[in-house]
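Please examine the protein chain and its ligand shown below. The report that follows treats the backbone, the overall fold and the ligand site in turn.

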Amino acid sequence: MVDLATRIGTLTLANPVMPASGTFGPELAQVFDLDRLGALVTKSVTPEFRAGNPLPRLCETEAGVLNSIGIPGKGLDHFIAQAMPEWRRFRAPLVVSLSAPTVASFADCAARLAATPGVAAIEANISCPNLEEDGRAFAMHPEPAAAATAAMRRAAPGMPLWVKLSPNTGDIAAVARAVEEAGADAVVVANTILGLAIDVETARPKLGSGMGGFSGPAFKPVALRLVWQCAQAVRIPVIGVGGIATGEDAVEFLMAGASAVQVGTASFVSPTAMLSVIEALEKFCARKGIARVAELTGAALPRA
Ligand code: DOR
């Protein structure tokens, strides 16, 4: 028997596989038993109602998916009153992704989520590439990333706080160090990378907002490199995300220093992709005589 458990700060997950925010909802319970996942992760919740970005919001390319959804949603009150009871039907730990326009509203929302029964961790989405006016700014530089993290840490002292970083910055390791210093319990590496597709007939971008976040297998080597850099920069756990579709992909991320992985775009291709990843991880460890999946974390990092 392989022990699949992984620790992210004070939180122990039964296995290291969970959905990437925004690619998953409780309706997937019709397809498989969601309690087989290491954790559940919600679409980003915002303080107030947001309409989202102009249509079209999704564009498939030969290499992966571009999105500019713009975090539409009904706001935090609605989430707590209407969505939380749905989520609480499951036993797997619930990670609530949070996006906010200012440091103060990140802090307010974190305090409210910390007071909401059933929230196991907050994943602070400081890195959405599709919010012109705010969101993306926090993760682009160490100082705003640290300011948002420190404010949430103060507002929700006991609550596990994961911070989702951006690939659209020059020095992700510096941002990772800054959020660790500011009190993050883990970094999630990484959000989607800004891309573009153009309709040559109309000479217009294919997405309504122009640019969008790119995801899928073509992004995997970049995300893996970001995980590798962050894992060497911080002591807190790194959660890897970007183009993971198979058990072997997950093993690569763990070996690059991740303690857990998130699966996003692959679930659009096959809704049960996460289960295949869990099963393949277990088989890999059994074949290699590895008793605990946690032993894989950092196995490929340069030795100190
Ligand atoms: O690629 C993304 N799309 N990343 C986010 O953080 C949010 C999402 C959206 O709603 O645009």
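A190 is found in the loop that runs between β10 (186-189) and β11 (193-195); strands (E, at least two residues) and helices (H or I, at least four) are DSSP runs, numbered from the N terminus. The model is a predicted one, in which local features need pLDDT of at least 70 and side-chain atom pairs count only at pLDDT 80 or more, while totals for chains, interfaces and linings use all residues. Residues are numbered from 1 along each chain as its sequence is written, and side-chain values use heavy atoms, with hydrogens and water left out.

V189 and A190 are joined by a cis peptide bond with omega about 10°. Another cis peptide bond leads from L55 to P56, with omega near -10°; P56 belongs to the loop between β4 (40-41) and β5 (58-60). In the loop between β6 (65-67) and α1 (76-87) lies I71, whose phi is positive, near 45°, although I71 is not a glycine. Most residues other than glycine have a negative phi, and most peptide bonds are trans.

The protein chain contains nine helices and 16 strands. Its radius of gyration is 18 Å, close to the 19 Å given by the globule rule for 304 residues, so the chain is as compact as a globular protein of that length. The radius is taken over C-alpha atoms, and the rule is 2.2 Å times the number of residues to the power 0.38.

Which residues surround the ligand? They are K43, N67, I69, G70, I71, N125, C128, P129, N130, N191 and T192, each with a heavy atom within 4 Å of the ligand. By class, this shell has four nonpolar, six polar and one charged residues; Ala, Val, Leu, Ile, Met, Phe, Trp, Tyr, Cys and Pro count as nonpolar, Asp, Glu, Lys and Arg as charged, and the others, Gly among them, as polar.

The table gives polar contacts, which are pairs of N or O atoms within 3.5 Å.

| Side chain | Ligand atom | Distance |
|---|---|---|
| N67 | nitrogen | 2.8 Å |
| N130 | oxygen | 2.8 Å |
| T192 | oxygen | 2.6 Å |

The protein covers 92% of the 290 Å² of accessible area that the ligand has on its own, by the Shrake-Rupley method with a 1.4 Å probe.

Note on methods. Polar contact = N/O pair within 3.5 Å; in protein donor to acceptor, adjacent residues only side chain to side chain.
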